[in-house]
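The tour goes selection by selection.

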Amino acid sequence: MIPSPLHTGRLVLTPEDPYLAPEDPGDLIQQLREIGFAGERLGQGSTSYMVGDQFMKLVTFMGCSPAIQSAPSDSDEPFCHLVQSGPHPLPIFLSGRNTTAPRCEACRKRVPQWQGIMGDWAQDPADFAATCPHCGHAQNPANYDWRQSAGCGRYMLCVENIFPQEAVPSTRLLNELQWITGNRPWHYFYIQE
Ligand SMILES: [Zn+2]
């Protein structure tokens, strides 16, 4: 099955703590180059990088024969590469067509009004509490459980042109990211445009 090129997406890696960002993103990229996850920078001053020569070992692709294009082509087709977002002073929220309503951490019911809530949150992401419409529990929506369909963070490493659930970061990659950032765990989600 060939996915439509119109529906591009990305795999997003970010610290589990949405308020945490690496102290030195340049150092993080350098370490990711050393393990072969990241490759050459895509143009001077760019925040984008080619994938490295160990990329296919650090990310597991579902399906029998993934046709991953990892270099720009003459025909301008989408290709798999890395893009840094941040560090932002405060967390940003990423969502897509695939985003589903998050669950309240107390009653586990879905919060269908999430779009309005996240709009309000973006005005004051440092110190915002949303009240659950079901049980009244107040929580910062930066910590909602989106089940890998959205997320918040001050620093995000995006693997471009990956479809939701098409590729899963290996334990080794997540461990490396954790190690690089002072043993703070990372997680991941998918955005489909
Ligand atoms: Zn609730």
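Buried means under 20% relative accessible area, exposed means over 50%, and partly exposed is in between, with a 1.4 Å probe and protein chains only. Helices (H or I, at least four residues) and strands (E, at least two) are DSSP runs, numbered from the N terminus. This is a predicted model, in which local features need pLDDT of at least 70 and side-chain atom pairs count only at pLDDT 80 or more, while totals for chains, interfaces and linings use all residues. Residues are numbered from 1 along each chain as its sequence is written, and side-chain values use heavy atoms, with hydrogens and water left out.

**Stop 1: the two domains**

Colour residues 7–63, 78–100 and 146–193 as domain 1, and residues 103–145 as domain 2. These bounds come from an automatic or database domain assignment. The C-alpha centres of domain 1 and domain 2 are 24 Å apart. Across the boundary, 12 residues of domain 1 are in contact with 14 residues of domain 2, where contact means heavy atoms within 4.5 Å.

**Stop 2: strand β10**

Select residues 156–160, strand β10. Of its 5 residues, 5 are buried, so β10 is largely enclosed by the rest of the structure. Show the side chains: Met156, Cys158 and Glu160 point one way, Leu157 and Val159 the other way.

Which strands does β10 join? Strand β1 (residues 9–15) runs antiparallel to β10 and is joined to it by 4 bridges; leucine 11 stands opposite valine 159. Strand β5 (residues 81–85) is also antiparallel to β10, with 4 bridges, and valine 83 has cysteine 158 as its bridge partner. Two strands count as paired if DSSP finds at least two bridges between them. Strands of a sheet pair through backbone hydrogen bonds, either parallel or antiparallel.

**Stop 3: the sheet and its helices**

**Stop 4: strand β9**

Select residues 150–153, strand β9. Ala150 and Cys152 point one way, Gly151 and Gly153 the other way, and all are buried. β9 pairs with β6 in the antiparallel sense over 4 bridges; isoleucine 92 has glycine 153 as its bridge partner.

**Stop 5: the zinc ion**

Which residues supply the protein donors of the zinc ion? Select Cys104, Cys107, Cys132 and Cys135: their SG atoms lie 2.3 to 2.4 Å from the ion. Donors are N, O and S atoms within 2.8 Å of the metal (3.2 Å for Na, K and Ca); water is not among the atoms, so sites may look incomplete. The 4 donor atoms subtend angles of 106 to 112° around the zinc ion, which makes the arrangement tetrahedral; for four donors that term requires all angles to lie between 85 and 135 degrees. The donor residues are spaced C-x2-C-x24-C-x2-C in sequence. Cysteine 107 is in the loop between β6 (92–95) and α3 (114–123) and cysteine 135 in the loop between β7 and β8, so the pair ties together parts 28 residues apart in sequence.

Cysteine 135 is partly exposed at 40% relative accessibility, and cysteine 107 is partly exposed at 27%. Not counting residues up to four places away in sequence, cysteine 135 touches Cys104, Ala106 and Cys107.

**Stop 6: backbone checks**

Most residues other than glycine have a negative phi, and most peptide bonds are trans. Go to arginine 108, where phi is near 65°; this residue is in the loop between β6 and α3. Glutamine 165 has a positive phi of about 65° and lies in the loop between β10 and β11 (167–169). Finish at the peptide bond from glycine 86 to proline 87, which is cis with omega near 5°; proline 87 is in the loop between β5 and β6.

Note on methods: Tetrahedral: all angles 85-135°; square planar, octahedral: opposite > 155°, others 65-115°.
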